[in-house]
Amino acid sequence: MKSLDIHKSEYLKQFKGQTYGRNLFRTQEEERLDAPNEECGIFGLYSDNDLDTFSLSQFGLFALQHRGQEACGISVLKDGRITNMKDEGLVLDVYKEIQEPEAFMGNSAIGHTRYTTAGDKKKYNFQPFFAKNEYDQIILSIAHNGNLTNARELKNELEAEGVVFRATSDSEVILRLIQKNLDLGLRGAIKATMEKIEGAYSVVGMTRNKFFAFRDFNGIRPLVLGAVNENTYVVASESVALDAVGAQYVRDILPGEIIYTNENEPGKLQSYMVNEARGKQRICSFEYIYFARPDSTLENINVYEIREKSGEKIWEQAPVEADIVIGVPDSGVPAAIGFSKASGIPFRPVLIKNRYIGRSFIVPTQEMRERVVNLKLNPIISEIKDKRVVIIDDSIVRGTTSKRLVKILKDAGVKEIHFRSVSPPIIAPCYLGIDTPSKDDLISANMTTEELRDYLGVDSLEFLSTENLKEILGSSNHCFGCFTEEYPVEKGEEVELFN
């Protein structure tokens with residue numbers, strides 16, 4: 001058997017050349033129903049000198065493709081002029097539609113890969129958003145990851161002042177507030193905006209002569225800073241995007257911090273803390289469990305290591321006698337390796353992926369949609385027949401995917417199935433940038449563990465405890481709202497931000 005270190009190396013290496021797929025048992029339809037779906041991925045690049053911003057932004061966004069597959073867009077600054085392009089589809093498909101790459105080469109670029117959390121799925125909600133002057137020139141462009149909890153109220157205020165909104169996304173509220181306050185200077189405009197908006201937000205943006213990024217006072221959504229050289233900076237949702245463009249990780253943008261360039265000191269990045277007393281570290285714990293790519297580092301914590309430790313910890317919490325351990329590709333594999341290390345039970349990668357099937361595999365009937373799963377993942381029956389199997393998954397949301405997985409294993413002749421979730425039970429929806437089902441659809445909010453065990457038809461079922469998750473992460477300074485229903489930000493009275 002291969003050593004677990006070799007399994008780890010092979011597992012991480014594959015994502016350098018292809019997109020990361022979290023739970024490949026979920027059909028495309030189910031990704032919106034039986035999974036907490038990602039917010040978005042944002043990327044920004046600034047240099048004193050002209051760069052191949054077309055290629056570099058493409059590389060960076062491709063590394064963030066797992067954070068959103070609905071649409072992609074970029075804004076590029078060239079000779080004081082901002083050019084914007086955005087369309088539906090995956091990153092590489094959208095870039096193929098750009099007929100003149102030279103028009104998207106300049107000294108600064110921002111980009112966005114989208115999964116809908118607020119606003120509908122029309123093209124006018126694709127990012128980056130931009131504002132124009134009276135000469136029809138783009139003067140400001142931003143890309144936002146997160147959700148505002150007071151967007152409706154602010155939108156109403158701005159509309160009363162005569163501001164016209166062109167989209168139905170909360171992200172446009174941020175754009176219009178900055179635009180409205182530009183007479184205070186860029187830093188002043190961002191500060192005034194941050195003092196008004198509430199919720200979760202990581203933002204990158206540009207004007208015709210400046211680049212900027214900022215993060216909410218709780219740092220709920222991730223945002224990292226890197227450098228290619230002393231005059232070229234990169235900002236992104238995850239460190240893997242820095243790796244993709246050859247940038248070195250510098251640090252994470254701090255909660256409540258604005259970073260920006262100043263035309264009087266070209267090449268020098270400025271930092272400003274809006275209100276240090278308000279700044280708290282409450283990054284989303286689900287980034288480590290599920291959302292982020294395993295080779296990312298967030299807040300100086302390596303995602304793969306957290307996932308492997310979660311497997312070790314759930315073995316300590318709920319040991320079981322078994323013959324093999326398997327993980328649901330891709331997100332459950334590191335935890336399965338950790339479980340194997342701690343328990344001595346052999347890890348087997350017995351769920352074989354077909355890497356040539358696309359997300360858009362569409363069939364007309366439910367029966368045929370069920371079969372799509374077997375096209376994506378097929379078990380090696382000889383490895384699991386008549387065996388006691390521990391299956392490790394990242395989470396259980398509605399339970400439909402987990403139930404199908406159990407059926408596939410039973411059909412393959414597995415003797416016993418012991419299910420382990422390395423996330424605590426998800427009992428509450430998220431209001432801060434993650435699309436989760438309503439509480440009525442969250443199976444752990446409506447069933448006891450024993451009831452869920454019987455529903456899935458497994459021999460045993462255990463969830464990682466919240467206290468053990470905190471121990472793995474090394475602190476309680478995270479958002480655990482989906483597990484505890486306690487959030488670092490008031491959720492507000494309205495979940496739907498816009499009609």
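**Cavities, helix contacts and backbone**

Modeller: The residues lining the largest cavity divide into 12 nonpolar, two polar and one charged, where Ala, Val, Leu, Ile, Met, Phe, Trp, Tyr, Cys and Pro count as nonpolar, Asp, Glu, Lys and Arg as charged, and the others, Gly among them, as polar. Please keep in mind that this is a predicted model, in which local features need pLDDT of at least 70 and side-chain atom pairs count only at pLDDT 80 or more, while totals for chains, interfaces and linings use all residues. Residues are numbered from 1 along each chain as its sequence is written, and side-chain values use heavy atoms, with hydrogens and water left out.

Colleague: What volume does the largest cavity have?

Modeller: Its volume is about 110 Å³, taken as the space filled by probe spheres set on grid points that are joined across faces, edges and corners. A cavity here is a set of points, on a 1 Å grid over the protein atoms alone, where a 1.4 Å probe fits but cannot get out, and lining residues have an atom within 4 Å of a point.

Colleague: And which residues are closest to its centre?

Modeller: Of the 15 residues in the lining, those closest to the centre are Cys284, Phe286, Cys430, Ile434 and Cys482.

Colleague: Switching to helices, how do α1 and α10 cross?

Modeller: The axes of α1 (residues 4–13) and α10 come within 11 Å and cross at roughly 175°, which makes α1 roughly antiparallel to α10 (an angle over 145 degrees). Axes are lines fitted to C-alpha atoms, for helices over the stretch in contact, with angles running from 0 to 180 degrees between N-to-C directions, and helices are DSSP runs (H or I, at least four residues), as strands are (E, at least two), numbered from the N terminus.

Colleague: Which residues make that contact?

Modeller: On α1 they are Leu4, Asp5, His7, Lys8 and Tyr11, and on α10 they are Val333, Pro334, Ile337, Ser340 and Lys341, with contact meaning heavy atoms within 4.5 Å. These residues divide into five nonpolar, two polar and three charged.

Colleague: Now the backbone: where are the cis peptide bonds?

Modeller: One runs from glutamine 127 to proline 128, with omega near 5°, and proline 128 lies in the loop between β4 (108–114) and β5 (129–132). Another joins proline 329 and aspartate 330, with omega about -5°, and aspartate 330 sits in the loop between β17 (324–327) and α10 (333–343).

Colleague: What phi does aspartate 386 have?

Modeller: Aspartate 386 has a positive phi of about 65°, although it is not a glycine.

Note on methods. 1 Å grid on protein atoms, 1.4 Å probe; cavity = no way out; pocket = protein on both sides within 12 Å on 5 of 7 lines; lining within 4 Å. Parallel < 35°, antiparallel > 145°, perpendicular 65-115°, else oblique.
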